[in-house]
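Here is a short briefing on surface, helix and core. Look over the structure, then read the points below.

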Amino acid sequence: MHLFGISMLFMFTGAILSLGRMHRHVKAFMVVIPYFAILTDIGSWRFTKYKPVFAYTVIVGGVLMGISLAVQVLYSLYEMWLAKCQ
């Protein structure tokens, strides 16, 4: 459930971000990073059962997901409402 819901959220925010005016390499990086964070976070859940040290990986993945979502949303809102039209 988490994997599907969070990936759909990132799909929609990534689609909105991809319509912005930033460089295409930066856009590609900003769209791919959340999916890497999802795989890191949710993929580490299973490993944590066997080795508790992977709990730190779950935390890092969650923080990376939060930061990437915040950047995607805030940059998209900036482009929509504050950036001057050219």
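Phe54 is partly exposed in this predicted model. The reason is its relative accessible area of 30%, which falls between the under 20% that counts as buried and the over 50% that counts as exposed. Phe54 sits in the loop between helix H2 (24–50) and H3.

**Nonpolar surface patch**
- Phe54 belongs to a nonpolar surface patch of about 780 Å².
- Helix H3 (residues 55–82) gives the largest share of the patch, five residues.

**Helix H3**
- H3 has 28 residues, which should span 40 Å at 1.5 Å a residue.
- The end C-alpha atoms of H3 are 39 Å apart, so the two values agree.
- Buried residues in H3 are Gly61, Met65, Ser68, Gln72, Ser76 and Glu79.
- An α-helix has 3.6 residues a turn, so residues three or four places apart point the same way.
- Helix H1 (2–17) and H2 are among the elements that cover the buried residues of H3.

**Nonpolar core**
- The largest nonpolar core has five residues: Phe10, Ala37, Ile38, Ile42 and Met65.
- H2 supplies the largest share of this core, three residues.
- Met65 is also one of the buried residues of H3.
- Leaving aside residues up to four places away in sequence, Ile38 touches Leu3, Ile6, Ser7, Phe10, Gly43 and Met65.

Key. Residues are numbered from 1 along each chain as its sequence is written. This is a predicted model: local features need pLDDT of at least 70, side-chain atom pairs count only at pLDDT 80 or more; totals for chains, interfaces and linings use all residues. Side-chain values use heavy atoms; hydrogens and water are left out. Patches are made of residues with over 30% relative accessible area and no salt bridge: like charges are joined within 9 Å, nonpolar side chains (Val, Leu, Ile, Met, Phe, Trp, Tyr) within 5 Å. Accessible areas come from the Shrake-Rupley method with a 1.4 Å probe; for residues, only the protein chains shown count as cover. A salt bridge is a side-chain nitrogen of Lys or Arg within 4 Å of a carboxyl oxygen of Asp or Glu. Helices (H or I, at least four residues) and strands (E, at least two) are DSSP runs, numbered from the N terminus. Buried means under 20% relative accessible area, exposed over 50%, partly exposed in between (1.4 Å probe, protein chains only). The expected span of a helix is 1.5 Å times one less than its number of residues. Contact means heavy atoms within 4.5 Å. A nonpolar core is a set of buried Ala, Val, Leu, Ile, Met, Phe, Trp, Tyr and Cys residues joined through side-chain atoms within 4.5 Å.
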